[in-house]
Amino acid sequence: MDLLGDILKQYWGYDRFLPLQREAMQCALDRHDSLVVLPTGGGKSLCFQAPALAMDGMAVVVSPLLSLMKDQVDALRTNGISAAKIDSTMNARERTAVHQAIQERSLKLLYVSPERMVQPAFIEYLKKAGVSFLVVDEAHCISHWGHDFRPEYRLLKQLREAFPGISMHAFTATATGHVRADIVQELGLRDASVLIGSFDRPNLRYRVQKRTDLFRQVREIIDAHPGESGIIYCIRRDDVDGLCAKLTQAGYKALPYHAGMDEADRKKNQEAFTNETTDIVVATVAFGMGIDKSNVRYVIHGAMPKSVEHYQQETGRAGRDRLEADCILLYSYADFQLWRSIIEKNESEGGDVALNKLEDMARYCDQLSCRHKSLVEYFGEPFPERSCGACDVCLGDIDSRADAQQIGRSILAAVLDLDHMAGPSYTTLVLTGSREERILSKKHNHLPSYGLLDAHDARSVRDWVEQLVRQGYLEKLGEYNVLGLTSKGLSLNRGEETPLLTDRESPRARVSEPRRKAASKKGQSVDLSTFDPALFQVLRQVRREKAAELGVPPFVIFGDVALRDMSCRKPLDRAALLDVQGVGQKKCDAFGDEFLEAIQLHCEGAGSP
Ligand code: ADP
Ligand code: ZN
């Protein structure tokens, strides 16, 4: 008998484990300390929730955010699992109810804040409460190297000694070696099994485009996702307010979110997004921590973020349900300059390290190799040599110019002519045959390469120079960034290589092409040939109403995975409904009839069974 598999099916309605889930669950069953590192959407919560059900007693979960705790507890309860939280927002009556449940040993999961968890009296109380195992969620908060350091997390170290006979399990989506080592060390984990999943997010489709007309480009993307949830990131508050106002005026359901707004407004807008009364949030990086919304279908960066880490974090909020989602980055060279001036002005930005990270980000934008590969390798994980099928480069959306080799060699000729004396701008002037005084006075109008690219405008040529730098054909040397050839440049010069050179106007977003199948490689691939999008919209409406009635976010009722699967299978009775991914027994009993009725009505209306 497969107890964990049965629990997965009965309570969550899933047929298969995601990668490393079973191994992670086994650690809890074996009472063996563990650190589990899985990407966002990797299914971390189930790794401790399922074994909590399989074991006697109550698992205690330390979680840093009240809003996340509430969502998790709501989600567990709708799945028919006895769970509770203890936090400062509860009144005496609620608290008594929780304590009573603990006394009666009826709880399977208890969520607590780190502050509460380290109170001596609370620890003593828990020692007598039949704890099955301890979980530290978002465990990177313990590390200075992580992005959300929380001093209270440091105090969790005492738990290892306070509960010597109980295993501890840490979970995080932050992969760096520093953070991992810190977690094991700071929590005092004993001989911990460290499970690290792949950080590739195959269901995210990454695209990078030059920003030419932000509003037009953004609209095109949104229009390819009618009625779906999306986030648009901007650098500055003014950009947020400006773009949001324009979108609203054009009839889109968009709300702003940035640190300049007061707490209450921010909370209200975040809730509107979670509850799906608004489709779009236009935000600065301040938005994100604490949104537990799994069906964000696109993330647009209206400008380049300041590091690949930020980019990954922010795009990571798309497609947590592992259904496909679009991540589109619209950038311009001006973003780079803006960030550089911000970093240079602001010591606390970390100076050289921050500048290096910024350059890495710029390189990511300019380079023309697989985005999935670049991202995964940036974080130190190997990526197989194959087309990812989900980025602009692999999908062939980027059209390199047919004359790229010729242009490349012309540029190299000028660099050689100028022999380590000029940077990109000056080289561009020579190539485009500028009559500027400085060119003429140095007689550079007599160089063989002078005017070689005078059929093109200077901005394009300047761009191509940067593209050659990014692709490693040229390098910038010394204090003045003078250009020199690399060994790769020499082979280009011999005609042995061809660079990829693109025009400023990138091809239009092709976001509306036929959807890829849900990209999870193992299982879960929904057969979209029978997918009925109109039914999907009907079911979303039923979900929204049910959620409002119960005062929970819609995803607590059913995720998009379940609604999508229902819109393919069109179940007409409870037995068929139970086959749907993400429909467990409890939800089938609680909401099944309403959804079945909606499906039946829709199918009758559509004239097909
Ligand atoms: P994380 O915390 O790692 O970001 P979650 O625990 O929120 O991920 O899970 C992400 C989504 O995947 C949720 O919608 C969850 O219900 C779903 N999920 C988890 N495990 C499975 C599974 N075995 N099969 C299908 N979906 C799963
Ligand atoms: Zn790719």
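This is a predicted model: local features need pLDDT of at least 70, side-chain atom pairs count only at pLDDT 80 or more; totals for chains, interfaces and linings use all residues.
A backbone N or O atom of glycine 41 lies 2.6 Å from an oxygen atom of ligand 1. For glycine 43, a backbone N or O atom is 3.1 Å from an oxygen atom of the ligand. On its own, ligand 1 has 570 Å² of accessible area, and the protein covers 86% of this.

In total, 15 residues surround ligand 1. The closest are Tyr14, Arg16, Gly41, Lys44 and Ser45. By class, this shell holds six polar, five nonpolar and four charged residues. Helix H3, residues 44-54, gives the largest share of the shell, with three residues.

The model also contains an open sheet of six strands. The strand order is E8-E13-E12-E9-E11-E10, and the pairing is parallel. Strand E8 (204-210) and strand E10 (254-257) stand at the edges. Each has a single partner strand, so one side of each is left without a neighbour in the sheet. On average, neighbouring strands of this sheet are turned by 15° against each other, direction ignored.

In general, strands of a sheet pair through backbone hydrogen bonds, in either a parallel or an antiparallel way. Strand E10 pairs with strand E11 (residues 280-283) in the parallel sense, over four bridges. Within this part of the sheet, leucine 255 stands opposite valine 281 in E11.

Key
Residues are numbered from 1 along each chain as its sequence is written. Chains are lettered from A and ligands numbered from 1 in the order in which they are written. Side-chain values use heavy atoms; hydrogens and water are left out. A residue is near a molecule or strand if one of its heavy atoms lies within 4 Å of it. A polar contact is a pair of N or O atoms within 3.5 Å; within protein, one must be able to donate a hydrogen and the other to accept it, and residues adjacent in sequence count only if both atoms are side-chain atoms. Accessible areas come from the Shrake-Rupley method with a 1.4 Å probe; for residues, only the protein chains shown count as cover. Helices (H or I, at least four residues) and strands (E, at least two) are DSSP runs, numbered from the N terminus. Ala, Val, Leu, Ile, Met, Phe, Trp, Tyr, Cys and Pro count as nonpolar, Asp, Glu, Lys and Arg as charged, and the others, Gly among them, as polar. Two strands pair if DSSP finds at least two bridges between them. Axes are lines fitted to C-alpha atoms, for helices over the stretch in contact, and angles run from 0 to 180 degrees between N-to-C directions.
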